[in-house]
Amino acid sequence: MFETMIELVIKYWPVFIEGTIITLGFAFLTVILGTFFGGIIALLKMSKNWFVRILPCAYIEIIRGTPLLLQLYVFYYLLPMAIGVDIPKEICVLTALVINSSAYVAEIIRAGIQAVDKGQNEAAKSLGMSNFNMMVKIILPQAIKNILPALGNEFVSVIKETSLASVFFVGDLMTKQKIIASATGTTLEALMIVGVIYFILTFSLTKLMNYFEWRFKQSD
Amino acid sequence: MIKVENLNKSFGKLHVLKGINEQITKGEIVSIIGPSGSGKSTFLRCLNLLEVPNSGSIFFDGANITDKKVNVDIHRQKMGMVFQHFNVFPHLTVLENITITPILEKKIKKKDAIAKAMELLEMVGLKDKAKEYPRKLSGGQKQRLAIVRALAMEPEVMLFDEPTSALDPEMVKEVLDVIGKLAKDGMTCVIVTHEMAFAKKISDRVLFMDEGIIAESGTPSQIFDNPQNPRTVEFLSKVI
């Protein structure tokens, strides 16, 4: 089996590389866009007005309470129908991934903000700082230290979760595995190779994050 | 300067403040004493609306700040507050802690804000710490920083919420000295405190709070030397 794996790598390495880039691309876009929307959802959820809170709360619960695979299918069929034009399946898949991730990131950001000592909030208010300045100048700079490590973990999760998108053949690592496996009849070997690539990606990312976290602590 | 009318505050079923009426005049030093849970801190925190009262009114410089239409930030800028746990901003230097709010909210030029901050730091003996971060400061130094941070907004009144309760004993004096200096310079001060000797020495008036009401109010000698209310007598016998 090991020899077959080597042969596959030698013969198909550009395909694996391409799959890796597409997987990373999906994960990267998902986390960037997910953080943007997640931030907005988190702020809405922390509103003092209960009416404003309903929608973000429901959104987070529903998205986190249903499987990603189901969400991928829903957006794969729903999005072209809703817009009325044929849109690339990559966009449908990315939309589902972003929506899914934004719900998790929203909770990461909310928890990060709420973990900042309440006294900071009170001190800023007692000085007469506006809510906006308090958030931007006092709370967020302190919340970042709680948010960034968790956001790194989310990135690692998303890298693995993009593999589900391969049911729509979007060209990610897992799609490449299916293509190579069916072309050569070497399912298990192809799986092993892709597994090693996923592991290298997530493991090195985790190590990188630990390093940054350590640097963060030093500067604290 | 501050007038409180029939102030009520509840936390859930717990009725903490039960219809408080009180008036604090300009330049007055008022200490609030009383057992824990009597509502001292809640009363103080209502004055700048960190706690929103359930009913009653608070007039500050003639304006009813409990009115929802009033921009409370403007009034808070005139009421400095010092907390038990300092609440200095850990991500900002000592100097930035002081200058950030005047620059942001009062649109004071950075240069002027810094000059003013350095003056204040010199007053409390922290000038050489200006570039440090608060983590390098002792508790007493942090509290002195918190006091000048509030003073930089040029408040008309200072509210102190147990300013020495979280300090090591040897640091209490340095903080009390700063408060004493402010009082001497004519700053209106409302001080919630457990430092009875300090309250007796510095105050124009002492309020004894018990179970959500001001049970007794008078000059320091009236309250400490000749208390009328049996609850005051009982409390003082325990703490002095």
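Leaving aside neighbours within four places in sequence, B:Ile2 is in contact (heavy atoms within 4.5 Å) with B:Glu22, B:Gln23, B:Ile24, B:Leu47, B:Ile58, B:Phe59, B:Phe60 and B:Val157. This is a predicted model, in which local features need pLDDT of at least 70, side-chain atom pairs count only at pLDDT 80 or more, and totals for chains, interfaces and linings use all residues. Residues are numbered from 1 along each chain as its sequence is written, chains are lettered from A in the order in which they are written, and side-chain values use heavy atoms, with hydrogens and water left out.

**Nonpolar cores**

- B:Ile2 and B:Phe43 have the most contacts inside the largest nonpolar core, which has 53 residues.
- A nonpolar core is a set of buried Ala, Val, Leu, Ile, Met, Phe, Trp, Tyr and Cys residues joined through side-chain atoms within 4.5 Å; buried means under 20% relative accessible area (1.4 Å probe, protein chains only).
- The largest share of this core, six residues, comes from H6(A).
- A second, separate core of 37 residues includes B:Val88, B:Leu151, B:Leu182 and B:Phe198.
- In soluble globular proteins, nonpolar side chains tend to be buried together.

**Interface of chain A and chain B**

- Chain A brings 19 residues to the contact and chain B brings 23 residues.
- The buried area (accessible area, 1.4 Å probe, that two parts lose on being put together, summed over both) is about 1,700 Å², and carbon and sulfur atoms give 59% of it.
- On the side of chain A, the most area is lost to chain B by A:Glu122, A:Ser126 and A:Leu127, together 34% of what that side buries.
- A:Glu122 also forms a salt bridge with B:Arg45, the closest N and O atoms being 2.6 Å apart.
- The rule (a side-chain nitrogen of Lys or Arg within 4 Å of a carboxyl oxygen of Asp or Glu) finds one salt bridge across this interface.
- Helix H5 (118-126) and helix H6 (131-161) of chain A are the elements that give two or more residues to the side touching chain B.
- H5(A) gives the most to that side, with seven residues.

**Chain A as a whole**

- Chain A has eight helices and zero strands, where helices (H or I, at least four residues) and strands (E, at least two) are DSSP runs numbered from the N terminus.
- The C-alpha trace of chain A spans about 70 × 50 × 25 Å along its principal axes.
- Of the 220 residues of chain A, 43% count as buried.
- Among contacts in chain A with a separation of 6 or more, 74% involve residues 24 or more positions apart.

Conventions: Buried means under 20% relative accessible area, exposed over 50%, partly exposed in between (1.4 Å probe, protein chains only).
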